[in-house]
Amino acid sequence: MPSIEPLFERVAIIGIGLIGSSLARALAAQRAPAGAPLVRHVALCDRSENVRARAAELGLGQSFHGDVASAVRGADLVMICVPVGAFADVGAAIAGQLSPGAIVSDVGSVKQSVIRDIGPHLPDGVHLVPGHPVAGTEHSGPDAGFATLFQGRWCILTPPPGTDGAAVAKVSALWTAIGMSVEVMEPSHHDLVLAITSHLPHLIAYTIVGTASDMEDVTNREVVKFAAGGFRDFTRIAASDPVMWRDVFLNNKQAVLEMLGRLTEDLAAMQRAIRWGEGDKLEALFTRTRAIRRSLIEAKQA
Ligand code: NAP
C-alpha cells in the first residue's frame with residue numbers, strides 16, 4: 001500500500017488547557033484506528049508538571065515538555081494555546097528555535113494583538129497564520145477538553161497581508177480535518193465581530209453576576225434558589241476562565257469599548273421605554289431578537 005504523508009510531521013501545542021488538550025485529543029482520535037495520521041508527532045508543552053503528567057496519562061501526545069524551546073524544536077507547526085496576554089513571552093521564547101518554513105499559529109480569542117505580539121519575534125521564512133476556533137466551554141484545564149469540541153464549528157484564520165498561501169491552506173486543512181469550517185478574515189474585522197458575539201456577552205454576564213452578588217437585600221441563598229429565572233445562564237458564562245477573559249478585554253480594548261458604547265445607548269433606550277410605558281417598543285425589540293435565535297438554530301450554531 002502506498003504510504004500517505006502526514007499533513008504535519010511535528011506539531012507543538014503550547015498550553016494543555018481546554019483548547020490545547022481538545023486539539024490534542026482531536027488529533028489523537030484522527031490517528032485511530034489505523035492509517036495515515038494527520039500529524040506524525042504531537043509535542044505537548046505546559047509549564048505545570050502536574051498538567052504534563054496528566055496529559056501523558058491521558059495519552060494526548062507523543063512527547064511532553066516543560067520548556068517551550070524543546071517543544072518547538074523541529075516542529076513544522078507550532079500552535080499557541082495560552083491566554084493572549086502570554087503571547088509576547090511565548091513569541092520571544094520560540095523565536096530562536098523555529099525551523100525555516102515552520103508555521104506558527106494559535107487559537108487566541110483576539111487576533112490583532114497576536115500579530116502585534118508574535119509577529120516581530122518570527123525570523124524570515126517562518127509563516128504566521130493566526131487562527132481562532134470559535135468553540136469552547138466555561139471549563140479550563142486538560143480534563144475539560146474533548147475530541148469533538150471543534151466539530152461543526154467555525155474556525156477563523158486572520159493571516160496578515162502577504163502571508164504564504166500554502167501555509168494558510170495547511171492550517172486550514174488541519175482544522176477542516178477535525179470537523180471545522182474555515183473562514184479567512186481581516187484581523188480587525190475578527191476583533192470587531194467577536195467583540196459583539198462573544199466578548200460583550202461575557203462582560204455582561206460577569207457584570208450581572210457581580211451585581212447580584214453585591215446586592216445586600218438579596219441573600220446568596222435566594223440568588224442560588226431562584227437562579228432559573230435567566231440568571232442561571234449568565235452564571236455559566238460568568239464561570240469562564242478569569243485569566244483568559246482578563247486578557248481578552250485588555251487586548252481587544254478598542255472594539256469592546258466601541259460595542260459597549262452602542263450597548264449603553266441601547267440600554268438607555270430600553271430604560272426610557274420602560275419608564276414611559278412604551279410597550280410597543282419593548283415588544284418590537286423582543287420580537288426581532290426572537291427571530292435571531294431562530295436563525296441561529298437553523299444554522300446549527302445553537
Ligand atoms: P485554559 O484551559 O485555562 O488553559 C490555558 C493554558 O495556558 C494552560 O495550559 C496554562 O498553563 C497556560 N498558561 C496560562 N498562563 C500562561 C502563561 N503566562 N505562560 C504560559 N502558559 C500559560 O484556557 P483555554 O480555554 O484552553 O484558552 C487557551 C486559549 O484559547 C486562549 O488564548 C483563549 O483566548 C483561546 N480560546 C478559548 C476558548 C474558550 O472557550 N475557552 C475558545 C476559543 C479560543 P497551566 O497548565 O500552568 O495553567
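This is a predicted model: local features need pLDDT of at least 70, side-chain atom pairs count only at pLDDT 80 or more; totals for chains, interfaces and linings use all residues.
**View 1**

**View 2. The open sheet of six strands.** The strands follow one another in the order S3-S2-S1-S4-S5-S6, with parallel pairing, and the sheet they form is open. Strand S3 (63-65) and strand S6 (127-129) are the edge strands, each of them pairing on one side only. On average, and with direction ignored, neighbouring strands of this sheet are turned by 20° against each other. As a general rule, strands of a sheet pair through backbone hydrogen bonds, in either a parallel or an antiparallel manner.

View 3. Helix H4, which comprises residues 87-94, lies across S1, S4 and strand S5 (103-106). Relative to S4, helix H4 runs at about 155°.

**View 4. Strands S7, S8 and S9.** Strand S8 (residues 154-157) is joined to S7 by four bridges, and these two strands run antiparallel, with Pro133 standing opposite Cys155 of S8. Strand S8 also pairs with strand S9 (residues 181-184), here in the parallel sense and again over four bridges; in this pairing Trp154 stands opposite Ser181 of S9.

View 5. A polar side-chain atom of Asp46 is found 2.5 Å from an oxygen atom of the ligand. Backbone atoms also take part in this view: a polar backbone atom of Val82 lies 2.7 Å from a ligand oxygen atom, and a polar backbone atom of Ile16 lies 3.0 Å from a ligand oxygen atom. The ligand, taken alone, exposes 900 Å², of which the protein buries 81%.

**View 6. The shell of residues around the ligand.** The ligand is surrounded by 26 residues, and the closest of them are Leu18, Asp46, Arg47, Val82 and Ser109. Sorted by class, this shell holds 13 nonpolar, ten polar and three charged residues. The elements that contribute two or more residues to the shell are helix H1 (18-31) and strand S7 (131-134).

Methods:
Residues are numbered from 1 along each chain as its sequence is written. Side-chain values use heavy atoms; hydrogens and water are left out. A residue is near a molecule or strand if one of its heavy atoms lies within 4 Å of it. A polar contact is a pair of N or O atoms within 3.5 Å; within protein, one must be able to donate a hydrogen and the other to accept it, and residues adjacent in sequence count only if both atoms are side-chain atoms. Accessible areas come from the Shrake-Rupley method with a 1.4 Å probe; for residues, only the protein chains shown count as cover. Ala, Val, Leu, Ile, Met, Phe, Trp, Tyr, Cys and Pro count as nonpolar, Asp, Glu, Lys and Arg as charged, and the others, Gly among them, as polar. Two strands pair if DSSP finds at least two bridges between them. Axes are lines fitted to C-alpha atoms, for helices over the stretch in contact, and angles run from 0 to 180 degrees between N-to-C directions. Contact means heavy atoms within 4.5 Å.
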